[in-house]
Amino acid sequence: MSEALDAVDAKILDLIQHDAGLSVAEIAERVGLSSSPCWRRIKRLEDAGVIQRRVTILDRDLLGLGFEVYCTVKLSLPTKDNLDAFEQAIIRLAEVVQCATVTGSADYELRVVTRDMHAFDDFLRDKILSLGLVSNIESRIVIRSVKNTTAAPLGLVSPYVSAQG
């Protein structure tokens, strides 16, 4: 799809990935279109799967969810059934905001958000270790987040938007 991104599509994507609350009229004005053609472009990008969904980003600290941990997880026996079982369990855990299969000595990297150290300990004991699939977990507590974005680096696939982060 990146080859089919013209200047207007790229600008639309850049605008809505930074502020999903913009109205079609606001987006249209900023990219130099009227509302109807702008809406059709957005709809086409949604239908193509480029725009997956629109969300609101909450301030976790203000909600009392400022404890963030990266966990490297190694399964006891990484068989297909165990990998599938672990992934299905992780999908259901609200505390896990990101999970990726990784290369190297571990099987997964998790990003976990919770209230505090005690809640994290409960999460590990009651929800991860109780699965009976994990042989090792290494946890790294986030002291300060330097950069946290959901924005795709559109400048790498389109010359029409800035490559700056």
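The paragraphs that follow treat an annotated helical segment and then a sheet with its helices.

The structure is a predicted model. An unreviewed UniProt entry places the feature "domain: HTH asnC-type" at residues 5-66. In the model, this span is 53% helix and 0% strand, and its end C-alpha atoms lie 37 Å apart.

Two packed helices are described by the angle between their axes and the distance between the axes. For helix α1 (residues 7-18) and helix α3 (residues 35-47), the axes come within 11 Å and cross at roughly 75 degrees. Because angles of 65 to 115 degrees count as roughly perpendicular, α1 is roughly perpendicular to α3. The contact brings Val8, Asp9, Ile12 and Leu13 of α1 against Cys38, Arg41, Ile42, Arg44 and Leu45 of α3. Of the residues in this contact, 6 are nonpolar, 3 are charged and none is polar.

The sheet comes next. Its 4 strands are arranged as an open sheet in the order β2-β3-β1-β4, with antiparallel pairing. Strands β2 (96-101) and β4 (134-141) each have a single partner strand, so one side of each is left without a neighbour in the sheet. On average, neighbouring strands are turned by 20 degrees against each other, direction ignored. Strand β1 (residues 67-75) runs antiparallel to β4 and is joined to it by 7 bridges; Thr72 has Glu138 in β4 as its bridge partner.

Helix α4 (residues 80-91) packs on this sheet and touches β1, β2, β3 (108-114) and β4, its direction making about 20 degrees with that of β3. Helix α5 (residues 117-128) also lies across β1, β2, β3 and β4, and runs at about 165 degrees to β4.

Notes: Residues are numbered from 1 along each chain as its sequence is written. This is a predicted model: local features need pLDDT of at least 70, side-chain atom pairs count only at pLDDT 80 or more; totals for chains, interfaces and linings use all residues. Side-chain values use heavy atoms; hydrogens and water are left out. Axes are lines fitted to C-alpha atoms, for helices over the stretch in contact, and angles run from 0 to 180 degrees between N-to-C directions. Helices (H or I, at least four residues) and strands (E, at least two) are DSSP runs, numbered from the N terminus. Angles under 35 degrees count as roughly parallel, over 145 as roughly antiparallel, 65 to 115 as roughly perpendicular and the rest as oblique. Contact means heavy atoms within 4.5 Å. Ala, Val, Leu, Ile, Met, Phe, Trp, Tyr, Cys and Pro count as nonpolar, Asp, Glu, Lys and Arg as charged, and the others, Gly among them, as polar. UniProt positions are given in the numbering used here, feature names are shortened, and annotations may be inferred rather than shown by experiment. Two strands pair if DSSP finds at least two bridges between them.
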